[in-house]
Amino acid sequence: MRLPITKLLQLAVTLLACAFLLVPAIQSVLAGLTVNYFRGMSSGLTLKWLWKVWELYADSIFLSIWLALACLICTAIIGVPAAYALAKNPGWISRILEEFISLPLAVPGLAIALALLQLYGTLQGFRTSWSFILVGHVLYTLPFMVRSVLAVLAAIDLKSLEEGAATLGAGPFRRFCDIVVPNAMPGILAGALTVVTLSIGEFNLTWMLHTPYLKTLPVGLADSYASMRLEIASAYTLIFFIMIVPLLTAMQWASNRAQRISA
Amino acid sequence: MQEGWTLPLLPSFSDMINRNFLLICLLPLLIFSLVFLALPLMRLFLASVEGESGWAIYLEIIQKPRYLSALIQTVLVSLAVTAAALMISTTAGLFLARNRFTGRGVLLSILTLPLAFPGVVIGFLIILLGGRQGLVNQLTPGHVVFAYSTFGLFLGYLYFSIPRVLLTVMAATEKLDRELEEAARSLGASPWSVIRDVILPGLAPSLVAAGAIAFATAMGAFGTAFTLATNIDVLPMVIYTEFTLSANIAMASALSIVLGLVTWALLLIARSLSGTTVAAGG
Amino acid sequence: MTLSLKNASKTYPDGTRALLPSNIEIETGEIVSLLGPSGCGKTTLLRIIAGLETPDDGTEVWFDKDNVTQLPVEKRKVGMVFQSYALFPNMSVSTNIAYGLKMQKRPRAEIEQRVEEVLTLCRLNPLANRAITALSGGQRQRVALARAFAPRPRLLLLDEPLSALDAALRDSLRDELSDLLRRLGITAIFVTHDQNEAMAIADRVAVMSEGRIEQIGSPEDLYRNAGSPFVAAFVGNAMCLGKVVQGNTLRLTGGELSLPDDAGGRGVYVRAEDVCIAEDGPLIGKVESVTFLGTHYRVGLSGVTDSTLYSLHSGLSAPRHGDEVKLRIAPEALMLLAEDKTYL
């Protein structure tokens, strides 16, 4: 098949962009697995750098997983009922509120972190606990949960379904549990995967909020980039890729599914 | 009647139950965003004007060369990134949205994968590409190191802007009416004319939106600049050093507010044009 | 259960009066239809009865001897079939049907037994474990009815239960629904904009227009003794012939008609089936259109009145376009109706 020149050009740009994104990532993977990066692949492959990373940074990996799960629970508890309330009252007040909680998406994490630090930085017990970082993560991920659920709730015929349940004797709480939550599930799932993915990769806020004893995975990464040899930094990056790539794939799958429902 | 006034004048008992339940649903969000978003942001604003210079601190930003040049440099880099990301991602996005071939899924995955990479990781990847021990330096004769320069920063920002713009463009292309293109073809338009006369005008609002997203993300990106850690004075780095090294809290706060306002306003425009925003961050 | 509505009205916050103060009484076991064009307030009335709409002050809704006006919908024990059916997509057919019983906190064995019973009654047994998305429109309609009926509601409310179906299915399900409602033996109110549907299913029909109930009566009664031009036009498509200021002769473009009574300022109406094409008719008209409808022809005639007059002609052949024909209308087929609505 002969491609017209326009298509060939488009294909070339697409492939170049792919190469730009892929080549350094492959380099990083290889660097994490070779004995000596400067001598190249000929020095042989090894898992010792991965093991070394595990020894050095296992704590930060676990902290990140723990934070992501805690963040998921918080955003679900705060976000799902709130999305329902916003879906039921689609007035300008709801729009302003939605816009307001979405501020952490638009305003750089650095600014949000500075704000949190100035107000709560002196509360020692809070400042030094993991819950301080958690607050930052919840702030950043909450809008994703709310919007994801809101999009699905706006797409289904929520009003009729609820009225149907009400005529059958279900009060507000039962309707929420039996009708709203199960039918919003695709949105909740997509939101949940987004929250976990973003929480595990969050750096801007976390860097400002963390303490030397509480390092998350990306903070550990920054630390290794600054102070460790290239192979260790690469191996650590490899571990991060292994964690984040399946999550991202699942997140995109879930978001597409939720969008198909919304469409 | 006032617009937006939807409460019945005398809510009945059952209306009140429903209203109370909705209020309970909203309560956690209200409390959380008041305590951890509204109050801190207010504190940030107060901190910016509580310094020695008071309100004049916002004037200082444009008067002191150090801040002004940082501001200009940030805007310039962000503009360059936006232009490059728009060109690359629109081309690739149109190609991927309008053609079906083996390997398309793989290309799409590669192009969207960096969406969840934090800025630090992207900074590291740029170092692997153009750092002292980077690929380009190894492959080319002479000493070619660009990772720690403005160009390195540009590449880093481009790295995380490409997926965001691509997703916006592809989503908009899917929504474009294919019959318009077919009509143009049936009237004798060449593929290039179809793109120029039909597709690009149809995509225009989404392109503006995607551009705003790319620009705002680049303006606020911290992780990449932090990892490349050189003397590139972009706004987030200036804020960081003002806060941690100079302890100039008022200036750090003022710069944060300016930066926040700019990115927020841009994304607001983007959302009103396209209806969605892809995750900021980096 | 006897339902009585006193002074029921609904004004929206923007000032729109969806329902003007209306009274209606419905006896136990009766099937009543609320019939009217869209926007006439019929759905609002139904939703006030259900408790889904907050009525204006002064409204009273009585279920037998209980004033339920302030009772929220979930405590009223009404069964409702929604226009979109509102079946829960997250539940199977039988879980949908069991939901109301579950809300009443009935023992599980009883719920199972009742669900089985209702499934049989509505001929849904083979579909019991299906997902809602796997059902056809007609099946969904039956599930919606079964779900509303299963918790033994005091009253069954149906909002345009057939409108979501396509035309062919609607006709066959109309008779099925009528049969099923009678077998259930429950007081039922259903809203429709289709006069055939209302006639076929209901014991009594309430014709509504512009937020008020125009007339309530049996289908025959409404058809034969329409109380207002609106009812005559909406039920059976009566056409206006003209208005007589005085006396009992109606002068038309195409001739004169003698009336059974002194018209006294009332309008004269007639239905198409009462306009006969006959050699000895006193009226003359010109054939404008002929539509073959299987059992009969519908002939459009000009020159009789100011607008087109239709005649249902059941002969083996019909006049041709452009023919001049003579028409006869029996005096007893003419309806004399006053324009104003003071009879309420």
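Me: Which residues are buried in helix 3 of chain C, and what makes a residue count as buried?

Reply: In this predicted model, helix 3 of chain C has C:I111, C:R114, C:V115, C:V118 and C:L119 as buried residues. A residue is called buried when its relative accessible area is under 20%, so each of these five names falls below that cut-off.

Me: How do you know that the buried residues line one face of helix 3 of chain C?

Reply: Looking down the axis of helix 3 of chain C, one finds its buried residues within an arc of 135°, and therefore they line one face of the helix. The face turned away from that buried side carries C:A109, C:E112 and C:Q113, which are exposed. On the buried side, the residues pack against helix 2 (93-103) and helix 4 (137-149) of chain C.

Me: What span is expected for helix 3 of chain C, and what span does it reach?

Reply: Helix 3 of chain C, residues 108-121, has 14 residues, and at 1.5 Å a residue a span of 20 Å is expected. From its first C-alpha to its last it reaches 20 Å, which is close to that expectation. After the helix comes C:R123, whose phi is positive, near 50°.

Me: Why is C:E220 called partly exposed?

Reply: C:E220 has a relative accessibility of 47%, and because partly exposed covers the values between the buried cut-off of 20% and the exposed cut-off of 50%, that term applies. This residue is placed in helix 7 (residues 219-224) of chain C. C:E220 lies 53 residues from C:A167 in sequence, and the two are 24 Å apart in space, C-alpha to C-alpha.

Me: Why does A:L45 count as exposed?

Reply: The relative accessible area of A:L45 is 60%, and since exposed means over 50%, A:L45 is therefore exposed. Its place is in the loop between helix 1 (5-33) and helix 2 (48-88) of chain A.

Me: Which residues make the nonpolar surface patch that includes A:L45?

Reply: A:L45 makes this patch together with A:L22, A:I26, A:L30 and A:M41, and the patch covers about 450 Å².

Me: What share of chain C is buried, and how many helices and strands does the chain have?

Reply: Of the 344 residues in chain C, 52% are buried, and the chain has 8 helices and 20 strands. Along its principal axes, the C-alpha trace of chain C spans about 75 × 45 × 35 Å.

Note on methods. Residues numbered from 1 in each chain as written. Chains lettered and ligands numbered in written order. Predicted model: local features only at pLDDT ≥ 70, side-chain atom pairs only at ≥ 80, totals over all residues. Heavy atoms only, no water. Patch = residues over 30% accessible without salt bridge, like charges linked within 9 Å, V, L, I, M, F, W, Y side chains within 5 Å. Areas by Shrake-Rupley, 256 points an atom, 1.4 Å probe, with all protein chains shown as cover. Salt bridge = Lys/Arg side-chain N within 4 Å of Asp/Glu carboxyl O. Helix = DSSP H or I, 4+ residues; strand = E, 2+ residues; numbered from the N terminus. Buried < 20%, exposed > 50% of the residue type's maximum accessible area, 1.4 Å probe, protein only. Expected span 1.5 Å × (residues − 1). Arc of directions from axis to C-beta. Contact = heavy atoms within 4.5 Å.
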